[in-house]
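Please find below a note on the two-chain model under review. It is set out as numbered points for reading beside the coordinates.

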Amino acid sequence: MLELTDVVAGYGPLQVLRRVSLGVQAGEIVCLLGGNAAGKSTTLKTVLGLVRPRAGSVALQGERIDGLATEDIVRRGIALVPESRRIFARMTVWENLEMGAYSRRQTAPAEIEEDRERVYGLFPRLKERATQHAGTMSGGEQQMLAIGRALMARPRLMLLDEPSMGLAPVLVEQVFDIIQAINRQGTTILVVEQNAAVALSIAHRGYVLQDGRIVMHGAAKELLDADDIRRAYLGED
Amino acid sequence: MDALGILPQQLVFGLALGAIYGLIALGYTMVYGILLMINFAHGELFMIGAYVGWAVLVWLINAGFGGLHPVWVVPVMLLMAMSLSGLLGMTLERFAYRPLYTRGATRLGPLISAVGASIFLQNAVMLTMGARMKVYMTSVLFPRSWYVQVGSVRVSVLVLMMISVALLLMWLLNVLVQRTTLGRCMRAVAEDREVAAVMGVNVRRVIAVTFLLGSALGGAAGVLVGLYYTQIDFFMGYSAGLKAFTAAVLGGIGNLKGAMVGGLVLGVIESLAVTFLNPAYRDVVAFVVLILVLVFRPTGLLGETVPQTNKV
């Protein structure tokens, strides 16, 4: 589904990714682990065309997408749940969902309505708050909205950037249950996390990013048992 | 006549003036909302709108209205001025600002470029149209004998037209921004450009459209001011621009309703100053308001504090 090959990227003189290669197969949940400033968010930004790779390639379903404009990349079926949610605070919940469906404004309104109902089914709270300004909601509700907004694009591949950040442990578990449910309904998932334990608990496979390089990858179970991971992430928090 | 006697009259005048300020202020505030930059050339787009309106009026009068019923003259003037000012605003964005802000230069870059564009446009108009003022033959369209008398207040049809056109345009803009997909995209880009792009919004196009709309409103204001004051010159955008900028800051820069409210409040304050103080203090009062707002309430009257998303 998604294939990054030897991607080099950064900002100005700062090089963040140094030859990152990773792949996500259709139907998988893959997690990308790593500490602060390891390059996790930059990896997602490079996939979305928000950061241009200086070398290497990004391919979606066999076709290269690096070099395309962001709006063209997302139209091919990628949606993002951004770090710290970044919902449109001054818009209503309904409008946020509407923005989520913007990339497929050519599709029939009935179909979009169907997806809205599906999102409301997943997060009944959003339906109750449909006309409320998103900025007035709690952190957990905003995270639900961010996920709902991404679902409205009916993506083939959903990217999530630190979905556990700033949430109470109960909510974290709930969010990851939902990610798993979304995956079971057919959406491929690439999730970036610092919280390795919870991410690996739902992932099929994982990669570990350190200083802009993939230093380890394997099945989620193997990574969970790996001493390096335990050490690295005990020192993390 | 005593000051209180002419007060109602002055208030109506203040509202008309304020509606114009609000119309111009919208252009400043829209651009600021989306790019965090002050388009210092906006006053010149207003001035050019006044010239376009003047040219259309002169042409129509010479052509004996070209078979047009006189009622349609002002709409044609507005349409032409709005189109040309709008396109010019879009051109400025494309060639004078975009190359700077996309390169991620400092925020000062586009700002300086805007000052340059302002000087360039003033001089271009002076060189092509002459430095002497042009005269709007308003009385052909709105004879002085056309007015409405309510009690002691006498309001000319021209002033009523100005207020209605300004309010209508503001209302249309508000509907566009609040109710349409385009408006939702504009708000999305203003709030978070990167996330808007991830939603599939063509951010550059939305920015261009924002300039188009804001500049068109400025152009319309130019026509209204030309009709009212009947004299225009290449330098008129400078003071009007500063006043409208004050109105935008007064209402809360970046906030559309703020620009409208700020414009009306500033217009009324100015007309009160003219009524109760020496009219020469008009500009002083306006800029004292700007300073007071900046010192005591920098977010403006309707400036909002956006609820912060909970970060760790």
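1. Basis of the note. This is a predicted model, in which local features need pLDDT of at least 70 and side-chain atom pairs count only at pLDDT 80 or more, while totals for chains, interfaces and linings use all residues. Residues are numbered from 1 along each chain as its sequence is written, and chains are lettered from A and ligands numbered from 1 in the order in which they are written.

2. The sheet. Chain A holds an open sheet of four strands in the order 2-1-4-5, with antiparallel pairing. Strand 2 and strand 5 (63-64) of chain A are its edges, each pairing on one side only. Strands (E, at least two residues) and helices (H or I, at least four) are DSSP runs numbered from the N terminus; two strands pair if DSSP finds at least two bridges between them.

3. Strands 1 and 2. Seven bridges link strand 1 (residues 2-11) of chain A to strand 2 (residues 14-24) of chain A in the antiparallel sense. Within this pairing, A:Glu3 lies opposite A:Gly23 of strand 2. The hairpin has two residues between the strands, and A:Gly12 takes a positive phi near 55° there.

4. Strands 4 and 5. Strand 1 of chain A also runs antiparallel to strand 4 (residues 55-60) of chain A, joined by five bridges; A:Leu2 has A:Leu60 as its bridge partner. Strand 4 of chain A is in turn joined to strand 5 of chain A by two bridges, again antiparallel, and A:Ala59 is partnered by A:Arg64.

5. Contacts between the chains. In chain A, 28 residues are in contact with 20 residues of chain B, where contact requires C-beta atoms, placed from the backbone, to lie within 7 Å. On the chain A side, helix 2 (70-75), helix 3 (93-100) and helix 6 (139-151) are the elements that give two or more residues.

6. The nonpolar core. The largest nonpolar core has 171 residues, and those with the most contacts inside it are B:Ile20, B:Leu23, B:Val189, B:Ala220 and B:Leu224. Helix 1 (residues 7-35) of chain B gives the most to this core, with 18 residues. Such a core is a set of buried Ala, Val, Leu, Ile, Met, Phe, Trp, Tyr and Cys residues joined through C-beta atoms within 7 Å; buried means that 20 or more other C-beta atoms lie within 10 Å of a residue's own, with C-beta atoms placed from the backbone. Leaving aside residues up to four places away in sequence, B:Leu23 touches residues including B:Ala166, B:Met170 and B:Leu217.

Key:
Two residues are in contact if their C-beta atoms, placed from the backbone, lie within 7 Å. A residue is buried if 20 or more other C-beta atoms lie within 10 Å of its own, exposed if 12 or fewer, and partly exposed in between; C-beta atoms are placed from the backbone.
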